[in-house]
Amino acid sequence: MAQKFYVVWAGRQTGVFSEWATTRALVDKFAGARFKSFPTRAEAERAFQAGMPRRAFAARKPSTIRAPLATDAAKFDVQIYCDGACEPNPGNAGSGMAIYRKGSVTQLWYGLYNPTGTNNTAELTALHQAMVFAEQEITKGSSVQILSDSSYAISCISKWAAGWEKRGWKRSGGDIKNLELIKSAYALYSSIQRQLTLTHVSAHVGTEGNELADRMAMNAVLNKAAEFREYEGPIEVQNILRMRAG
């Protein structure tokens with residue numbers, strides 16, 4: 001996922017933090033906790049100095065984690081949430097995935113560890129792997145939705161890659177980062193895009209599938225799991241959500 005910065009106005013400690021795991025420890029189960037994420041440190045610092053806005057997030061308890069949107073769960077046979085994690089960035093990267101069938105989680109996957117990765121390579125890798133699974137399901141006649149919290153990864157594959165390809169895989173602003181990974185993912189996307197729904201979902205707002213994919217991505221990092229493999233333990237959602245977040 002893209003780097004974010006977190007402001008905690010009310011928690012066990014207040015200030016600006018660069019890691020969600022640290023932020024979560026400060027606000028989880030803290031009565032009256034208030035926090036919010038920002039895309040840059042400068043914005044976060046200004047927001048902290050300005051004081052708590054009306055729409056700061058309250059810390060979510062495990063019981064308030066939201067299941068996949070009912071409307072989407074009813075429309076698709078299969079929903080695939082994918083996510084990437086990197087600690088530090090750049091550094092140890094991994095990818096995770098949560099598969100839902102008719103609104104219920106049935107499989108969790110993690111792996112593809114890269115000791116020299118970035119947030120963006122992890123997100124792209126996760127999206128690519130989700131499309132590999134989607135292709136298998138589409139071949140079976142299933143309707144499939146992939147959900148990712150990475151605007152970068154989604155835009156690379158569904159918006160920018162077509163133009164880059166026409167220009168000989170070049171862009172006016174210079175070299176295309178992660179080019180080989182983008183080429184591979186775009187080739188697969190091009191073959192299934194008519195049967196696939198690709199959706200952006202907000203990160204760390206309590207959407208169950210996104211949170212589970214996040215935990216799997218961090219599990220890949222912590223265990224340095226090179227192979228993309230199915231999660232070995234029982235799928236007990238609340239217990240998995242207590243695992244370290246990315």
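First, a term I need: buried means under 20% relative accessible area, exposed means over 50%, and partly exposed is in between (1.4 Å probe, protein chains only). I also note that helices (H or I, at least four residues) and strands (E, at least two) are DSSP runs, numbered from the N terminus.

This is a predicted model, where local features need pLDDT of at least 70, side-chain atom pairs count only at pLDDT 80 or more, and totals for chains, interfaces and linings use all residues. Residues are numbered from 1 along each chain as its sequence is written, and side-chain values use heavy atoms, with hydrogens and water left out.

Entry 1, α6. I looked up its buried residues and got Leu179, Ile182, Ala185, Tyr186, Leu188, Tyr189 and Ile192. What covers them? I found that the cover includes α4, α5 (151-166) and β9 (196-200), where contact means heavy atoms within 4.5 Å.

Just after α4, I spotted Gly141 with a positive phi of about 95°.

I see α4 (residues 119-139) and α6 (residues 179-192) packing at about 25°, with their axes 10 Å apart. That makes α4 roughly parallel to α6 (angles under 35 degrees count as roughly parallel). Axes are lines fitted to C-alpha atoms, for helices over the stretch in contact, and angles run from 0 to 180 degrees between N-to-C directions. Among the residues that meet are Leu124 and His128 in α4, and Leu181 and Ser184 in α6.

Conventions. Angles under 35 degrees count as roughly parallel, over 145 as roughly antiparallel, 65 to 115 as roughly perpendicular and the rest as oblique.
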